[in-house]
Amino acid sequence: MKSASENSRGPALLKAEPLLDVRQLSDVQFRSLGLQQVAYMRPATTEDGEEGCAIYAADGSLLAVVEDMETAWGAIMQNDMVPASLQ
């Protein structure tokens, strides 16, 4: 019995994507590394003037300002991102 991944010539070969040399990335490519996976947080002031915590994407884009670090951590984790703390 043949598996779905086999054709008449034998097992199907997966095409590997070429490896990237990080030393040859453009500034834009380098800044986008981890953009969808990593978020960092740091102290900030909320809209009502209270102390809070800002959440940023890996490229520095502000995603949200929340009440505290615990809420920020939870929001990052809930969105399947990896939290990083900057002091």
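What pattern of helices and strands does the chain follow when read along the sequence? The order is β-β-α-β-β-β-α-β, and the secondary structure comes to two helices and six strands. Helices (H or I, at least four residues) and strands (E, at least two) are DSSP runs, numbered from the N terminus.

Before going further, a word on what you are looking at. This is a predicted model, in which local features need pLDDT of at least 70 and side-chain atom pairs count only at pLDDT 80 or more, while totals for chains, interfaces and linings use all residues. Residues are numbered from 1 along each chain as its sequence is written, and side-chain values use heavy atoms, with hydrogens and water left out.

**Confidence and overall figures**

The pLDDT is the predictor's confidence in each residue, from 0 to 100. Its average over the chain is 78, and 69% of the residues score at least 70. Please read residues 1-6 with care: pLDDT stays under 50 there, and the model has six contacts beyond four places in sequence for this stretch. Contact here means heavy atoms within 4.5 Å.

Of the 87 residues in the chain, 21% are buried. Buried means under 20% relative accessible area, exposed over 50%, and partly exposed in between (1.4 Å probe, protein chains only). The chain exposes about 7400 Å², with carbon and sulfur atoms supplying 54% of that area; accessible areas come from the Shrake-Rupley method with a 1.4 Å probe, and for residues only the protein chains shown count as cover. Among contacts with a separation of 6 or more, 29% join residues 24 or more positions apart.

**The core and the tyrosine pair**

In soluble globular proteins, nonpolar side chains tend to be buried together. Here the largest nonpolar core has eight residues: Ala39, Met41, Cys53, Ile55, Val66, Ala72, Ile76 and Met81. Two or more of these residues come from each of β3, β4 and α2. Such a core is a set of buried Ala, Val, Leu, Ile, Met, Phe, Trp, Tyr and Cys residues joined through side-chain atoms within 4.5 Å.

A search of the whole structure finds one aromatic pair. The ring centres of Tyr40 and Tyr56 are 5.2 Å apart and their planes lie at 20°, so the pair is stacked. Rings of Phe, Tyr and Trp (its six-membered ring) pair if their centres lie within 6.5 Å; planes under 30 degrees apart count as stacked, over 60 as edge-to-face and the rest as tilted. Because Tyr40 lies in strand β3 (residues 38-45) and Tyr56 in strand β4 (residues 51-57), the pair ties together parts that are 16 residues apart in sequence. Both tyrosines, Tyr40 and Tyr56, are buried.

**From helix α2 to strand β6**

At the start of helix α2 (residues 69-78), a side-chain oxygen of Asp68 comes to within 3.3 Å of the backbone nitrogen of Glu70. In the loop between α2 and β6 (82-85) you will find Asp80, which has a positive phi of about 55° although it is not a glycine. Asp80 is exposed, with a relative accessible area of 71%.

Strand β6 holds Val82 and also Pro83. With 16% relative accessibility, Pro83 counts as buried. The table lists one C-alpha separation for each of these two residues.

| C-alpha pair | Apart along the chain | Separation |
|---|---|---|
| Val82 and Gln37 | 45 residues | 5.9 Å |
| Pro83 and Ile55 | 28 residues | 9.1 Å |

Leaving aside neighbours within four places in sequence, Val82 is in contact with Gln37, Val38, Ala39 and Ile76.

Terms used: Polar contact = N/O pair within 3.5 Å; in protein donor to acceptor, adjacent residues only side chain to side chain.
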